[in-house]
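Reader: I am new to this structure and would like to learn how to read it. Could you walk me through a few features?

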Amino acid sequence: MKKFLAMLLAALLVVSCFACNGGTGDAGKNDSKVEIDANDPYAAKDFAYPMDGTVTLSINMTKTDEAELPNWVKGHYFWDVIEEKTGIKLEYIGSASKPQETSEEFSLLLTSGEYPDIMQANWITFKGGPSAAINDGYIIALNDYKAYFPGLAGWLESDEEANKTVSMDDGTWFCFPNFGNARETSGTGFAIRQDYLDAIGEEAPQTVEEWYNVLTKFKNELNLTAPLTFEARWFFLEYAAAGLSSPWGVCYPFFVEGDDVKFGPTEEGYKEFVTEMAKWYAEGLIDKDLASVDKSTVQSKFASGEAGLALQQIRNIQNCLKANAEDPNYQVIGLTSMVMNEGDTPEMGHYNNPFNGGCSTSISTQCENIGACARFLDYAYTEEGALFFAYGEEGFAWDYVDGTPTFRDIVTNNEETPDAQAARYFVAQFANFSLHALDTRSHMGAEVLEIQKSFETNMNKYSYPTVTYTEDEVKTISKWNDIDTTCRERILGFILGNEDLANWDSFIEEINGMGLQDVLKVRQDAYTRFKNR
Amino acid sequence: MATNKKGRGAEIRLDFQKNKVVYFMFVPVVIFFLVFHYYPMSGIILAFKDFKPAHGIWGSAFTGMFGFEHFVTFFSGVHAQRTITNTILISLYQLIFGFPMPIILAIMLNELRSPKFKKVMQTVTYFPHFISTVVVCGMITEFCLSDGLFNQISGFFGAEPISMLSEPGMFRTIYVASGIWQAMGWDSIIYLAAIAGIDTQLYEAASLDGAGRFKKIWHITLPGIKSTVVILLIMQIGKMMSVGSEKILLLYNPSTYKTADVISTYVYRKGLLDQDYSYSTAVNLFNSVINFALVYFANAVSRKLTETSLF
C-alpha cells in the first residue's frame, strides 16, 4: 500500500512537473458565444458519413488486439468497422475510466495535463461534478457546437425528460451521454427453483409471510443449507435489495416520494425490515455466509442447488441455467419484489437510472478539430448509427425479420465465443459507450427474458435521479462516504445478530451526529433543482 | 573540536583525491535517490493542501487551520480511534505470536538428525510463501465458509457451523494465524543461516561439560543468533503501524470492520476509492511519523541494552 501510494505520488509529481503549462489554464466556460463558420463542412446541412479519412482522434480506451480476436470476427470487429463507417481514425491511449467510477489511471491521465480528444469518463462521480470538469479545463461545454451533432441535439430537444437528465442544472450539455433503454432499467432480481416449489407443494410466494413459509420449507423439508442467498453488500448497493425492503416502503440509500428525498434507514419501516431479515438469518433461511460470499459463490450455490432462491444479476442467472442445461429438473422462474399483503402491487425493486454518467464521452479542451470529433460521437445517435451500435453490421450479424432486427446464429449460437453477450460485444457496442441504447437484451434466451420481465416494478417513481452538486455542496456530500460505511457496518451487524436491535436508536443517533441531515438537505436541494431544470 | 573538524575535512579531501573514480561512480546512485526517493517525498505537502488534479501538487491551495485541517478532520472523526486501535492490536498480535515462530522453527529444524527429513521439512514449511496473497485469501475465504474445511473439522467435534469471516471476534485470529502459516518457513531461513554460523567447537565443548540439548540451545544457539534476532525485531517494530492492506482488503467485509479496519485500508478507501488524495496522504503521513518514532525508539532501547543497533 505504502509503496503504491509512494509510487503514485512520485508519478503525480513527475508528470505535474513536466506538464505545468498543460492544463492549468482557465479554459472554462467562456461567456463569449462560439460562432461556427457558415462554410464549416462539419456543420453543413448536407453532411454525410463517412468523413474523408484524414482526421485521427485520440481516445482514452483500449482496443482488443488484432491477434486476440477470434477468427470469425476478423474484418467485422466493431472498432474496425466504425472507422470505415465514420471515416475517422482512432488512436487508443488506454486509461479508460471504469464505467461507474473514476479509476486511478484516469486520475493520472488528468494530472498529466495531456488529454485525448475524446475523454471517456464519468464526470458525475468526479469530485466536483461536470461543472468542475469544465471549470478546471478538462472538457468543453457542448451547447455552442450543436450544429456539429444534429443527432444528439435533435433527440434531446425533442425529449424533455431525457434532456433534463443528461444536462447540468443550468442546461449545459457536458457529454455525449450513455443513455439506457427506459424499458430495460432493472437487471437484478430474484430467481426461484420451480422444481423445488413443486417438491414442497407451494406456489410462487408473494407476501412476506409466503416467502418466509417457502424458505422455511426449503430449509426443513429439502435440507437446503442456504435457502436464500445473495451478497451482503447488495443490501447497500443502490436499490439492489429494494425487492426485499419493498413491503415496508423503504430502500437503501436515498429515494424520493413525491417532492421529498428520503433516506431509507431513518424511515419508519426500515427497522422492521431489518428485524425481519435478522429473524430470517437467525433461523437459517438466509445463507449463513451472507457476509463473505461473492457474486461467483452465489452463482455456484444457486447452480448447484444449495440455494433455492437467489438475488442475482440477470447474466448470472443465465449462467446458472446454462450450467444445468442438461438437467430437465432444473427449472427457474423469476420472482417479483415481496409485498406485505395479498394483492398489493410490488412497488420497489432494482432500478438503474437510464443515465448515471458512466460510459459517456466528452470532448476535451485540447481537441483541435471539434467538428470532426462531434460528428464522430454523434454517429451513435443517428438512425443508421444507432442500429450499427446496437446490432453490428446488417447482413453479417443480423437481419430484419418481420421488421425487427434479429441476430444471426453467428451471435446467438457461436461456438468459438463463450456466450452470446461476448459475441455481441465483438460486433456491436450496445451498452458501454456514449449512445442511446436501443436494446441490450435481445441476444439472451427466451427463458431468461421471461425471468427478467418479473423484475419490473414501479421503482422509476422512487429512484433518486442523477443530479449535480454545487461546489459548496460537494464538501458536504463528502461526509456521505463515512456515513455509508457506518450504515453498512451497523445494519449488517443487526441482521447477522452481532448487535442487539435495541441499539437501533443509538445507531440512528450516531449517523445523525455524522452529518446525515446536512447530506440529506443537499440531496433534497439538488433534487429540487433537478425537478426545476 | 575545531581541529578535529578540520582534520576530518582534510581527511575527506584526501580520500576524495585518492578515490576520485569511486566517488564519480557513486554520483548516479545519489542522483537516483534524490530524484526518485527524496524529491517525491516533497509530495507529502499534499497532506496540508486541498489537492485538485488540474492545479497540480504545487498549485493547489493550502487547507484551513494552517494546513492541518485534514488532520483535525481525521482525529475528530469516528474512524481515527478504531483504525489506530486495530492497527496496533493486529501488529501487536503479529509481533507476539508471529515473531518467535520462525526462531522456534529454525531451532527445531536445526535439532533434526536426519538431513533428508530436515530438507523436506524446510521445503514444506516455506512453500506457502510462494503462493500469492490473492490465492491465499481465496483459500482462507473458502475454508472459513460455514460448510468449509474449518467448520467441517469443528463440526466433527460437535460444534455448530459458523460463518467465520463474518464474526468480528475471529478476524484478527484468522489474519494473524494465516500470516504465521505463510511466513514462518521463509522467515526461518535467516535464522538457520545465523545458526549455521555458530562455531561447532562451542557445542562440542558444551557436550564435554555435560550440557544436554536444551542447555545447548539456551546457552549457545540463542546467544549466537541474538544480534540477528534484535535487528529483525527492530525492523519488525518499524513496520508495526503499517499492517499491509492487501490481505485485509481481501478478507474483511462490513460486518468485521469493527476489528479489521486498519489505517492502511482506511487510506485505501479514502484515497483510491473516494479520491480524497490529500486527506489520505495526511492519514498516511501520520502513520509514517509514528512508524519512524517507533523504529527510533526500538533502536535506542536496543543500543542501550544489547549494543546492537541499526543506526
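This is a predicted model: local features need pLDDT of at least 70, side-chain atom pairs count only at pLDDT 80 or more; totals for chains, interfaces and linings use all residues.

Reader: What share of the contacts in chain B joins residues 24 or more positions apart?

Author: Here we take contacts with a separation of 6 or more in chain B, and 65% of them are between residues 24 or more positions apart.

Reader: Now a single helix. Which residues of helix α2 of chain A are buried?

Author: First the general idea: an α-helix has 3.6 residues a turn, so residues three or four places apart point the same way. In α2 of chain A, residues 78-86, the buried ones are A:F78, A:I82 and A:T86. Seen down the axis of α2(A), these buried residues fall within an arc of 55 degrees, so they line one face of the helix.

Reader: What covers those buried residues of α2(A)?

Author: The cover includes β2 (88-92), α13 (370-378) and α16 (420-427) of chain A. Look also just after α2(A), where A:G87 takes a positive phi of about 75 degrees.

Reader: How many residues does each chain bring to the contact between A and B?

Author: Chain B brings 39 residues and chain A brings 38 residues. On the chain B side, the elements giving two or more residues are α3 (56-59), α8 (133-144), α15 (257-260) and α16 (263-273). The largest share, five residues, comes from α16(B). By class, this side of chain B has 16 nonpolar, 19 polar and four charged residues.

Reader: And which residues have the most contacts inside the largest nonpolar core?

Author: In soluble globular proteins, nonpolar side chains tend to be buried together. Here the largest nonpolar core has 120 residues, and those with the most contacts inside it are A:A191, A:L215, A:F235, A:V274, A:A310, A:I495 and B:V283. Take A:A310: leaving aside neighbours within four places in sequence, A:A310 is in contact with A:A191, A:T229, A:F230, A:V298 and A:F302. A second, separate core of 68 residues includes A:Y42, A:I124, A:L142 and A:V411.

Note on methods. Residues are numbered from 1 along each chain as its sequence is written. Chains are lettered from A and ligands numbered from 1 in the order in which they are written. Two residues are in contact if their C-beta atoms, placed from the backbone, lie within 7 Å. A residue is buried if 20 or more other C-beta atoms lie within 10 Å of its own, exposed if 12 or fewer, and partly exposed in between; C-beta atoms are placed from the backbone. Helices (H or I, at least four residues) and strands (E, at least two) are DSSP runs, numbered from the N terminus. The arc is that of the directions from the helix axis to the C-beta atoms. Ala, Val, Leu, Ile, Met, Phe, Trp, Tyr, Cys and Pro count as nonpolar, Asp, Glu, Lys and Arg as charged, and the others, Gly among them, as polar. A nonpolar core is a set of buried Ala, Val, Leu, Ile, Met, Phe, Trp, Tyr and Cys residues joined through C-beta atoms within 7 Å.
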